[in-house]
Amino acid sequence: MALSSLVAADSPRLGGTSPDHVEVLAQGDIQPILVHRATRRVVDGMHRLQAARLQGEETIPVRYLDGPVSEVFLHSVAANVSHGLPLTLADRRAATRRILTSHPDLSDRAIARITRLSPKTVGAVRRTSTEEVPQSKVRVGEDGRTRPLDAAQRREAARAFLADHPGATLHETAASAGVSVSTACEVRQRMRRDEEEAPPRPAAAREVRDRDTRGGGGNPAGDRCAERGRARRAETLAKDPSLRLTESGRALLRWLNERAPDLEVGRQLMAAVPPHCAVAVADLANSYALEWQRFATALDRAVGDASE
């Protein structure tokens, strides 16, 4: 790319480029610089750019970065701390304050990974910059997942959603309450333990039984939601290579699709469940169990009506 067409980097270096480092780089071959494709702004490589000019070059090899303009500075910081002339501690602290201002929802650990500071240091910078840093109710972690700060309220929202939609999948619950799938699973397991410890009153039990036998659960929208969730989960599992490309995995998929109630076969196939598929498989199994429970309740009611 022509040197004249490039836009100077929004550098995290408080002192700008180092003339001594530029002279050192000018003694050898110039390695490609990183350029944001949409804006032609240098993301990483201002020293190499100056060295190319010092050599009298008119062009320089580049690598392109695609993505939103709002993330260019993040990539610039991450690149400058990983190679080349190291950023000073002051540079990295200043970059942290700037990132906190532009991306207040990023977690301390995520920013620490970018700036190579400790999460504790990032947290200290956040606390001392409360007037400059916008307040956010969520944090985006290193894995890219968004987690709410008001976790207790989100857990309660998940509990309420599950109470209203007992056939909902974990992913539907997580999306509704703004929690992770693992948190939704934990909330559901805790609700089941509470139900076992405090069984419903006979009148309440009859009400639930009557509701479940009328129209398949008394909540058509919730049932349709659960059915769509099961279909999506089954489709996701069917596409997973660790299941689709292994004999034991294919056997597991056949068993799930047939909704076979043979628990002994299920226990034998349990070893075929990869760890990352465990939640989805458990979700399908729980949903199928609910359908079988409704079937049994309907049969019980039909027998009772016939006897009367």
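Me: What share of the contacts in the chain with a separation of 6 or more comes from residues 24 or more positions apart?

Reply: A contact here means heavy atoms within 4.5 Å. In this chain, residues 24 or more positions apart account for 66% of the contacts with a separation of 6 or more. Keep in mind that this is a predicted model, where local features need pLDDT of at least 70, side-chain atom pairs count only at pLDDT 80 or more, and totals for chains, interfaces and linings use all residues. Residues are numbered from 1 along each chain as its sequence is written, and side-chain values use heavy atoms, with hydrogens and water left out.

Me: How many helices and strands does the chain have?

Reply: Helices (H or I, at least four residues) and strands (E, at least two) are DSSP runs, numbered from the N terminus. The chain has 15 helices and five strands.

Me: What percentage of the residues is buried?

Reply: Buried means under 20% relative accessible area, exposed over 50%, and partly exposed in between, using a 1.4 Å probe and protein chains only. Of the 308 residues in the chain, 36% are buried.

Me: How do H3 and H4 cross?

Reply: Under 35 degrees counts as roughly parallel, over 145 as roughly antiparallel, 65 to 115 as roughly perpendicular, and the rest as oblique. The axes of H3 (residues 72-82) and H4 come within 11 Å and cross at roughly 160°, so the two helices are roughly antiparallel. On the H3 side, Phe 73, Leu 74, Val 77 and Val 81 meet Arg 92, Ala 95, Arg 98 and Ile 99 of H4. By class, that contact has six nonpolar, no polar and two charged residues. For the classes, Ala, Val, Leu, Ile, Met, Phe, Trp, Tyr, Cys and Pro count as nonpolar, Asp, Glu, Lys and Arg as charged, and the others, Gly among them, as polar.

Me: And at what angle do H4 and H5 cross?

Reply: H4 (residues 89-102) and H5 (residues 108-115) have axes that come within 10 Å and cross at roughly 140°. That is why H4 and H5 are oblique to each other. Arg 92, Thr 96, Ile 99 and Leu 100 of H4 make the contact with Ile 111, Ile 114 and Thr 115 of H5. Sorted by class, there are four nonpolar, two polar and one charged residues.

Me: Which residues of H6 are buried?

Reply: First the general idea: an α-helix has 3.6 residues a turn, so residues three or four places apart point the same way. In H6, Val 122, Gly 123, Val 125 and Arg 126 are buried. Seen down the axis of H6, these buried residues fall within an arc of 160°, so they line one face of the helix; the arc is that of the directions from the helix axis to the C-beta atoms. Lys 120, Arg 127 and Thr 128 are exposed on the other side of H6.

Me: Where does Lys 120 sit relative to Asp 108?

Reply: Lys 120 is in H6, residues 119-128, and has 72% relative accessibility, so it counts as exposed. Lys 120 and Asp 108 are twelve residues apart in sequence and 7.6 Å apart in space, C-alpha to C-alpha.

Me: Is Arg 188 buried or exposed?

Reply: Arg 188, in H9 (residues 181-197), is buried, with a relative accessible area of 7%. Leaving aside its neighbours within four places in sequence, Arg 188 is in contact with Leu 162, Ala 168, Leu 170, Asp 283 and Asn 286.

Methods:
Axes are lines fitted to C-alpha atoms, for helices over the stretch in contact, and angles run from 0 to 180 degrees between N-to-C directions.
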